[in-house]
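Biologist: I am new to this structure and would like to learn how to read it. Could we go through it feature by feature?

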Amino acid sequence: MASTVFDSALFRDMFGTAEMRAVFTDEALVGRYLEAEAALARAQARSGVVPAEAAGAIDAASRSIVVDYETLRRETEIVGYPILPLVHQLAEAAGEAGRYVHWGATTQDIMDTANVLQIRAALQIVDRDLRELRAVLAGMAKQYRDTPMAGRTHLQQALPVTFGYKAAVWLSSIDRHIERLEQALPRVLVGEFSGAAGTLASIGAGGLEMQGLFCEELGLGRPSITWHVARDGIAEAVTLLGLVTGTLGKIATDVMMMSATEFGEVSEPFVPGRGASSTMPQKRNPISSELMLAAAKAVRQHVATMLDGMIHDFERATGPWHLEWVSLPESFLLTAAALANAKFMLAGLVVHEDRMRANLGLTHGLIVAEAVMMAAAPRLGRQHAHDVVYEACRKAIEVGGDLAEILAGVPEVVEALGGVEAVRRHCDPSNYLGLCGEMVDRVLDGPSAPARRNAA
């Protein structure tokens with residue numbers, strides 16, 4: 001029976017995706033170890049250190065070997081690492097050529113390189129999902145570019161905004177994550193082949209050339225120096241996931257609050273039974289948003305773990321490295337789940353424009369008090385205009401009534417604005433949206449849209 005949500009038949013597709021799990025299965029990881037060992041043999045054959053026939057035999061064995069996972073598990077628990085037990089099996093499978101398996105390498109060389117190969121595959125999934133999510137948000141921002149709603153600060157109505165503006169704010173973060181991912185790849189996708197203490201002493205002359213060929217075989221960057229204990233590249237990958245899920249958590253929080261009965265401005269897509277309560281038939285809980293938020297909080301903890309795990313001792317660490325074995329796969333699984341939920345939820349989000357408009361009227365015009373003040377300021381002076389409108393707001397709050405009607409009874413405001421109709425026009429929230437539309441256009445059409453550059 002499974003013991004964690006990541007491999008539970010009940011929960012695994014809520015905290016991961018089948019596609020991302022396939023990147024981090026035991027079989028996939030061992031396959032990456034074998035891929036690295038085979039690439040090393042091919043590189044060493046190109047360097048003239050290993051006979052070409054032996055490299056060919058090792059490469060063939062790495063592809064055809066039937067790994068004895070029970071033996072590998074048992075011996076890994078004894079050794080503490082899986083590479084030595086796996087090398088034994090690969091060497092046996094390669095026959096006479098087996099004597100050249102793992103030539104000059106150390107365990108961490110193979111494990112680090114295998115992890116980088118996993119990260120490359122995983123980031124390709126993340127990048128694709130970010131771009132798909134970008135398309136969803138871009139469509140939303142465009143569709144609701146001019147749909148007014150209440151903007152809120154400190155959970156209080158502040159000034160009118162548009163729902164397209166809100167979506168474009170979300171979108172701008174996704175654009176930056178796509179850009180960050182592109183920029184991170186050269187730093188993260190770097191191979192490792194340096195030997196026991198990282199000096200390539202086991203190879204000697206020609207070691208750096210061999211290292212370069214090894215990385216070339218795998219399509220990875222070549223390190224300037226050993227990174228056995230310089231873990232910033234791996235930590236950067238997980239930190240990037242923390243930023244991505246942080247944005248998704250913010251989106252989820254907005255959607256959950258806007259879905260509350262008292263707001264009623266959006267609803268997650270309707271699927272029969274999804275978000276249902278066991279006792280309250282009317283409930284339609286925002287499950288996708290809840291899972292996105294949970295993933296963001298969990299990945300944040302893994303980011304902290306990875307940063308802590310950067311602190312290694314001397315040339316090979318005594319424990320911090322092992323933290324990556326936990327945090328790396330879990331972070332990618334959680335991120336994949338959050339992205340999948342975000343795509344599903346936002347693509348089918350139900351937007352209740354009527355409730356948005358109704359909520360704008362909850363304050364009876366108070367939400368646009370600033371609009372009246374700023375319009376009257378050129379004639380009355382900024383401070384006097386503030387005081388006059390402040391007094392009208394006080395009456396609206398204490399006595400009740402619509403701000404526009406109260407201001408229509410203040411002669412100096414009427415005169416300053418040019419008539420009663422002008423007062424009412426300035427008190428209409430849809431006439432005080434600032435530059436929401438222009439800002440949406442900038443996000444949709446600006447140079448910081450990597451998805452469009454990539455598509456072009």
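Biologist: How many residue pairs are in polar contact across the interface of domain 1 and domain 2?

Modeller: This is a predicted model, and across that interface the rule finds zero residue pairs in polar contact, with both residues required to be at pLDDT 80 or more. The count of salt bridges between domain 1 and domain 2 is also zero.

Biologist: Where in the chain are domain 1 and domain 2?

Modeller: Domain 1 covers 107–355 and domain 2 covers 363–435. Their centres, taken over C-alpha atoms, are 45 Å apart.

Biologist: What area do domain 1 and domain 2 bury between them?

Modeller: The size of an interface is often given as the accessible area lost when the parts come together. Here domain 1 and domain 2 bury about 640 Å², with 77% of it on carbon and sulfur atoms. Gln157, Leu159 and Pro160 supply 68% of the area that domain 1 buries against domain 2, more than any other three residues.

Biologist: Which element gives the largest share of the side of domain 1 that touches domain 2?

Modeller: That element is β2, with six residues. The elements giving two or more residues to this side are β1 (148–153) and β2 (156–162).

Biologist: How many disulfides does the count come to?

Modeller: A disulfide is a covalent bond between the sulfur atoms of two cysteines. The count here comes to zero. For cysteine 393, the nearest cysteine sulfur is that of cysteine 427, 8.9 Å away.

Biologist: Is cysteine 393 buried or exposed?

Modeller: Cysteine 393 counts as buried because its relative accessibility is 13%, and the cut-off for buried is under 20%. Cysteine 215 is buried too, with a relative accessible area of 1%.

Terms used. Residues numbered from 1 in each chain as written. Predicted model: local features only at pLDDT ≥ 70, side-chain atom pairs only at ≥ 80, totals over all residues. Heavy atoms only, no water. Disulfide = S-S within 2.5 Å. Buried < 20%, exposed > 50% of the residue type's maximum accessible area, 1.4 Å probe, protein only. Domains from an automatic or database assignment. Buried area = accessible area lost by both parts, 1.4 Å probe. Salt bridge = Lys/Arg side-chain N within 4 Å of Asp/Glu carboxyl O. Polar contact = N/O pair within 3.5 Å; in protein donor to acceptor, adjacent residues only side chain to side chain. Helix = DSSP H or I, 4+ residues; strand = E, 2+ residues; numbered from the N terminus.
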